[in-house]
Amino acid sequence: MEEKIKTFEPEEEIVLNMGPQHPSTHGVLRIILKLSGEKIVEAKPDIGYLHRGVEKLGETYTYVQFLPMLDRNDYLSATTNEFGFVLAVESLANIEVPERAQYIRVMFSELSRIASHLVWLGTFCLDLGGALGGGTSVFLFCFREREKVLDIFERMTGSRLHPHLMQFGGVRYDVYPGMDKDIKETLDLLEKRIDEYEDMLINNPVFLDRTKGVGILPKEIAMEYGCSGPVLRGSGVKYDLRKVHPYSSYDKFDFEIPVFNNGDVFDRFRVRIEEMRQSIKIIRQVLEGLPEGPIASQMPVKVKVAVKTPPGEVYRAIESPRGELGYYIYSDGKATAYRVKIRAPSFSNLSVLPYLLKDHLVADVVAILGSLDPVFGDVDR
């Protein structure tokens with residue numbers, strides 16, 4: 001009699017709540033997972049735990065008061081939060097920005113991109129845990145290098161995380177004596193260390209098993225959901241606002257837009273690694289060509305109603321480390337916006353999570369979620 005081998009077939013689906021305080025969510029996110037065995041049948045992200053009403057704050061406080069609050073939105077890349085908003089107000093109010101200020105804005109935005117990608121890489125490897133000997137080595141290495149970048153922010157502005165560097169019409173601080181030497185030394189170190197991170201990971205078979213062919217996002221789906229940044233470029237779409245709609249002198253710098261076509265977790269990792277190299281290339285060009293002249297076209301503001309915009313509306317966006325970060329402002333001619341709408345890349349990128357998680361194993365959730373690099377100050381606003 002032929003012996004039959006019974007295989008386990010789950011008869012019932014179970015619901016698993018992941019979060020809202022799960023370590024891999026890097027914030028407050030709850031994912032309601034419907035499982036059949038270890039296979040994900042359905043995933044529903046539950047957001048809003050970090051909602052602070054930032055858009056309503058933008059309609060309550062004046063432009064001058066609201067600008068520093070934006071540093072807290074995407075708290076891993078404060079400078080780029082400021083960048084998009086000052087561009088929108090400057091467009092609406094026809095405020096000119098000196099070329100030296102534009103270069104300084106570009107330089108610190110790219111430093112922010114590097115610092116943000118380092119946090120992503122370190123925490124992503126920590127999430128994968130045992131795949132990388134516990135994951136703490138890469139995590140500590142990345143945070144060690146990030147400290148070098150934050151040191152420059154501190155010397156420039158007095159603050160490491162909330163620099164409030166920009167003002168309407170320019171920047172609040174000029175470069176300090178010896179800054180070019182500090183930055184060049186940091187960039188030299190980063191170039192070497194990024195190569196080391198990449199060698200360490202792309203030669204790790206467990207890392208490859210957990211990222212290659214996992215969480216594949218076709219470019220048609222990515223565009224349908226409004227994904228942007230490394231998530232979109234990891235799916236083969238060469239779209240980057242720094243090239244498509246250049247702002248603040250980006251058209252004067254030579255750099256490439258990294259694009260990979262497989263759309264999986266591994267390709268999103270490769271995009272961010274290459275982006276750090278391209279940011280270094282841009283910063284070197286800024287240092288070599290930093291023009292002389294004023295750093296702002298406006299006097300430093302002394303009163304909260306110093307900046308007013310004429311009636312009208314505007315949308316301006318920049319390429320943040322997570323993608324297209326846009327600001328829509330409707331003005332009725334006062335020093336406070338009548339309506340502020342923020343187009344946050346983390347929100348759009350996270351919206352594709354149910355598609356990505358379906359039919360994967362529950363163990364893949366942390367890898368797929370981490371590859372989207374959401375920041376929940378950016379998601380919930």
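This short talk describes the spaces inside one structure and then its salt bridges.

Good morning. Please keep in mind throughout that the model before you is predicted.

I begin with empty space. Rolling a probe the size of a water molecule over the atoms shows where such space is left. The largest pocket has a volume of about 220 Å³. Its lining consists of 13 residues, and those nearest the centre are Gln 167, Phe 168, Arg 172, Pro 300 and Val 301. Two elements, helix α2 (63–69) and strand β4 (166–167), each contribute at least two residues to this lining.

The structure contains 1 cavity of 30 Å³ or more, and the largest cavity holds about 110 Å³ of space. Its lining is made of 13 residues, with Leu 76, Ala 78, Leu 150, Arg 160 and Leu 161 nearest the centre. Which helix gives the most to the lining of the largest cavity? Helix α5 does, with 3 residues. At least two lining residues come from each of α3 (78–93), α4 (99–128) and α5 (136–157). By class, this lining has 8 nonpolar, 3 polar and 2 charged residues.

My second topic is the salt bridges, of which the structure holds 33. I shall present three of them.

In one, the side chains of Lys 34 and Glu 42 meet at 3.4 Å, N to O. Lys 34 counts as partly exposed because its relative accessibility is 29%, and Glu 42, at 32%, is partly exposed as well.

In another, the side chains of Glu 110 and Arg 242 meet at 3.2 Å, N to O. Glu 110 lies in helix α4 and Arg 242 in helix α10 (residues 241–244), so this pair ties together parts that are 132 residues apart in sequence. Are these two residues buried or exposed? Buried means under 20% relative accessible area. Glu 110, at 0% relative accessibility, therefore counts as buried, and Arg 242 is buried with a relative accessible area of 3%.

In the remaining example, Glu 191 forms a salt bridge with Arg 284, and the closest N and O atoms are 3.1 Å apart. This pair links distant parts of the chain, for Glu 191 is in helix α6 (residues 179–202) and Arg 284 is in helix α11 (residues 265–289), 93 residues apart. Glu 191 is partly exposed at 36%, as is Arg 284 at 23%.

Terms used:
Residues numbered from 1 in each chain as written. Predicted model: local features only at pLDDT ≥ 70, side-chain atom pairs only at ≥ 80, totals over all residues. Heavy atoms only, no water. 1 Å grid on protein atoms, 1.4 Å probe; cavity = no way out; pocket = protein on both sides within 12 Å on 5 of 7 lines; lining within 4 Å. Points joined across faces, edges and corners; volume = space filled by probe spheres on them. Helix = DSSP H or I, 4+ residues; strand = E, 2+ residues; numbered from the N terminus. Nonpolar A, V, L, I, M, F, W, Y, C, P; charged D, E, K, R; others polar. Salt bridge = Lys/Arg side-chain N within 4 Å of Asp/Glu carboxyl O. Buried < 20%, exposed > 50% of the residue type's maximum accessible area, 1.4 Å probe, protein only.
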